[in-house]
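Here is a short briefing for a first look. Keep the sequence and the 3D view side by side while reading.

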Amino acid sequence: QKTHIQLMAESNCTQVTEFSLTGFTEDLVTQVTLFLIFFLIYFVTILGNLVMILLTRVSPQLQSPMYYFLGNLAFVDLCSSTVITPKMLVDLASEKKGIAYAGCVAQVFVFDLFGMTECFLLAMMAYDRYVAICHPLVYPLLMSPKCCFQLVTGSYLMGLTNGIGQTIGMFNLSFCGSRIIDLFFCDISPLISLSTSDPTLSHVILTTSASLLGVSSSLVVLVSYMAIISAILSIRSAKGKHKAFSTCASHLTTVSIFYGTALFMYLKPSSDSSRGGDKWAVVLYTVVTPMLNPLIYSLKNKDVKEALRTLAKTKYLECCK
């Protein structure tokens with residue numbers, strides 16, 4: 001009978017209907033200020049990534065593997081930002097900062113899906129730059145449209161695998177005590193800490209995913225750029241070195257920001273005194289980075305700037321007719 005009561009209690013324990021998000025602050029003026037800042041960031045994110053997707057679809061000078069990957073990166077940034085920022089804006093504008101269990105599951109799934117997809121897309125873009133600089137003669141063969149489609153599809157499948165795995169890990173958790181998540185969205189790490197059940201399976205999935213998927217995509221980026229740097233250093237002329245480096249400068253900047261903030265977010269030892277700083281690091285990773293990617297490519301890449309001018313001129317002429 002005791003065992004039956006315990007099982008009933010454990011069963012009741014899993015019936016979570018809502019979590020509470022701490023957000024950033026309770027100060028009204030600060031909340032309004034943050035709302036305006038994050039709304040502007042989200043607006044620029046949506047506009048920048050939509051323009052980048054449009055450019056890579058319609059501009060003739062951007063019909064190459066690098067920009068095919070870039071268009072997909074913009075789509076992923078658009079989706080990953082949309083799953084977090086609108087909910088955060090709603091919470092900043094309201095007193096109650098809660099999220100339903102189903103909404104929390106959805107955030108975990110979509111965020112981990114597109115987060116891992118972005119890791120692999122960045123890895124595929126690094127590989128693309130490696131082939132272009134180190135093996136230019138076989139570039140059309142190795143980076144054919146079919147091959148690029150397979151690489152992008154594989155990136156989404158890796159993201160889907162990660163999203164499903166983390167969601168399964170969350171379904172394995174029970175929440176009997178506090179339901180307050182000390183963050184502005186649902187992430188699997190704080191949920192594991194919040195759980196009152198055995199988190200072994202969730203830890204195994206999280207560790208396996210980080211080891212097999214995260215580390216493998218990071219190694220592709222690292223090895224590719226080691227080969228790229230070696231190839232650039234072997235070029236004798238300064239002009240040749242500059243031209244070769246300029247083809248991957250935008251991607252290298254994007255990779256540095258993405259992996260830099262991700263490593264800080266997931267590898268930094270957590271403590272009570274550093275939670276505020278960690279929260280702002282998460283903001284940089286989840287909210288600001290999706291905005292920066294299209295800006296980096298539009299400011300640093302001549303082809304993108306030229307395509308943007310051409311598109312703006314075309315639309316202007318159409319409006320004047």
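The angle is about 155°, and the axes lie 9 Å apart. This is a predicted model: local features need pLDDT of at least 70, side-chain atom pairs count only at pLDDT 80 or more, and totals for chains, interfaces and linings use all residues. Residues are numbered from 1 along each chain as its sequence is written, and side-chain values use heavy atoms, without hydrogens and water.

**Helix packing**

- Two packed helices are described by the angle between their axes and the distance between the axes.
- Axes here are lines fitted to C-alpha atoms, for helices over the stretch in contact, and angles run from 0 to 180 degrees between N-to-C directions.
- Helix 2 spans residues 28-58, and helix 3 spans residues 65-82.
- Helix 2 passes helix 3 in a left-handed crossing (the near helix is turned anticlockwise from the far one by less than a right angle; clockwise is right-handed).
- On the helix 2 side, the residues that meet helix 3 include Y42, I46, N49 and I53.
- On the helix 3 side, Y67, L70, F75 and L78 are among them.
- Helix 5 and helix 7 (residues 145-171) pack at about 150°, with axes 7 Å apart.
- That angle makes helix 5 roughly antiparallel to helix 7.
- The crossing of helix 5 and helix 7 is right-handed.

**The disulfide and other cysteines**

- The structure holds one disulfide (a pair of cysteine sulfur atoms within 2.5 Å).
- C104 and C186 form it, with their sulfur atoms 2.0 Å apart.
- C104 is in helix 5 (residues 101-134), while C186 is in the loop between strand 3 (180-181) and helix 8 (188-194).
- The pair links distant parts of the chain, 82 residues apart.
- The link of C104 and C186 is left-handed, with -115° about the S-S bond.
- C104 counts as buried at 0% relative accessibility (buried means under 20% relative accessible area, exposed over 50%, partly exposed in between, with a 1.4 Å probe and protein chains only).
- C186 also counts as buried, at 0%.
- C148 is in no disulfide; the nearest cysteine sulfur, that of C147, is 5.8 Å away.
- C148 counts as buried at 3% relative accessibility.
- C134 is partly exposed, with a relative accessible area of 22%.

**Around H251**

- H251 is in helix 11 (residues 249-267).
- H251 counts as buried, at 3% relative accessibility.
- Leaving aside neighbours within four places in sequence, H251 is in contact with L122, M125, A126, Y225 and Y297 (contact means heavy atoms within 4.5 Å).
- The C-alpha atoms of H251 and I296 are separated by 8.6 Å, although these residues are 45 apart along the chain.

**The whole chain**

- The chain has 13 helices and three strands (DSSP runs numbered from the N terminus: H or I of at least four residues for helices, E of at least two for strands).
- Buried residues make up 45% of the 321 residues.
- Among contacts between residues at least 6 apart in sequence, 79% join residues at least 24 apart.
- The chain exposes about 16,800 Å², and carbon and sulfur atoms supply 69% of that area.
- Accessible areas come from the Shrake-Rupley method with a 1.4 Å probe; for residues, only the protein chains shown count as cover.

Note on methods:
Parallel < 35°, antiparallel > 145°, perpendicular 65-115°, else oblique.
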